[in-house]
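Visitor: I would like a close look at one part of this model. Please take the charged pairs and follow them through.

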Amino acid sequence: MGEPVTQPPTLTTTHIRVDHYSAVHLAAQTARSLAQSRQLPGPLPEHCAVIASELGSNLAKHATDGALFVQPTLLGDGVEVLSADRGPGMPELERCLTDGYSTTATLGAGLGSVSRIASDFTIRTQEGTGTQEGTGTLACARLWAPGDPPPSAAGTGAVCLPADGEEVSGDACALRDTPAGRTAIVIDGLGHGPLAAEAAQSALRAFHRAPDEPLPDLLHGIHRALRRSRGAAVGLLRLHPHRAEYCGVGNVRVLALTGQSVHHRHTGQPGIVGLRMPRPQVRSLPLEPGTTAVLHSDGIDHRWTLSPPPHLLRLPPPLLAAALAHGHRLTRDDATVLVATL
């Protein structure tokens, strides 16, 4: 049914606050270890370390409130490093992407080397004082083994973070492309900590067993899998040409973005998957081509949608995920955001 039974690796994001140059070494170690665990061949683990080091160095030298997010790619067997800050932006972005260019009397390998080494590199910058939302720089560097990058990966992005002080996240997310359509899930295990993480992972395994089922059937399967757990909120989104279907229970939000505004704000039906689940209902969302769909748990403050700056609405999926995790995360709770384009 759908894709092979093999379950993709769980998306687990490591958040590294770059408030001192020592964080650069930690970022490089984290990226290298992740690449080795993903069994990226040959020099690729060292390449991942270089990418994280250069992006981290750039934050340490130039940025305000900088952070890196190091994680597996949502699709394919790769590694992704996201960079976010609230700095002044880059007035000469194209020159900054050239090897040898520097504004600090250094060798200037930085962003130029990242752009050259990465399988895929996306960057956006917004000049300003750093006091208004939307200023600063966002970057995403992805590295896959040769021939491995999924052609559909460019239109996706996600971040999944535990609450501050927790070792594991009670949230989880995934995205699968099947004949039924591109299907995304965000799971928020009740509470946080190990028991919430156990519930989220059980839901994720149930999702991967049958990602192409009709959404109500898929949700019923997840409900059965969670009956011996503390339960979870679950949001399912399936993208089709010109429309999407949403089916959810609990406080997982879905919305759609165009370059100008936010549309179709919805939250799941009241209840808890695995404990007290109502009869699932499917909402159909008419969408224009190029619309960006967003699913997120309540660890992302929903008020970001009230008056988002135009710059935020136009971000590509991986950078939008990074911006929401960096700027609108509620640190006392697990936080997950998943973004996909139609």
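Visitor: Is Glu 46 buried, partly exposed or exposed?

Guide: This is a predicted model. Glu 46 is partly exposed, with a relative accessible area of 41%. The side chain of Glu 46 meets that of Arg 32 in a salt bridge, at 2.7 Å from N to O. Glu 46 sits in helix α2 and Arg 32 in helix α1, so the pair ties together parts that are 14 residues apart in sequence. Arg 32 also counts as partly exposed, at 24% relative accessibility.

The structure holds 9 salt bridges. Another of them joins the side chains of Arg 17 and Asp 65, at 3.6 Å from N to O. Arg 17 belongs to strand β1, and Asp 65 to the loop between α2 and β2, so this pair ties together parts 48 residues apart in sequence. Arg 17 is partly exposed at 43% relative accessibility. Asp 65 is partly exposed too, with a relative accessible area of 30%.

A further salt bridge links Asp 301 and Arg 303, whose closest N and O atoms are 2.7 Å apart. Asp 301 is buried, at 13% relative accessible area. Arg 303 counts as exposed, at 53%. Through shared partners, salt bridges also join Arg 17, Asp 65 and Arg 86 into one network.

The largest nonpolar core has 27 residues. Both α1 and α2 are among the elements that each supply at least two of its residues. The largest share, 6 residues, comes from α2.

Key: Residues are numbered from 1 along each chain as its sequence is written. This is a predicted model: local features need pLDDT of at least 70, side-chain atom pairs count only at pLDDT 80 or more; totals for chains, interfaces and linings use all residues. Side-chain values use heavy atoms; hydrogens and water are left out. A nonpolar core is a set of buried Ala, Val, Leu, Ile, Met, Phe, Trp, Tyr and Cys residues joined through side-chain atoms within 4.5 Å. Buried means under 20% relative accessible area, exposed over 50%, partly exposed in between (1.4 Å probe, protein chains only). Helices (H or I, at least four residues) and strands (E, at least two) are DSSP runs, numbered from the N terminus. A salt bridge is a side-chain nitrogen of Lys or Arg within 4 Å of a carboxyl oxygen of Asp or Glu.
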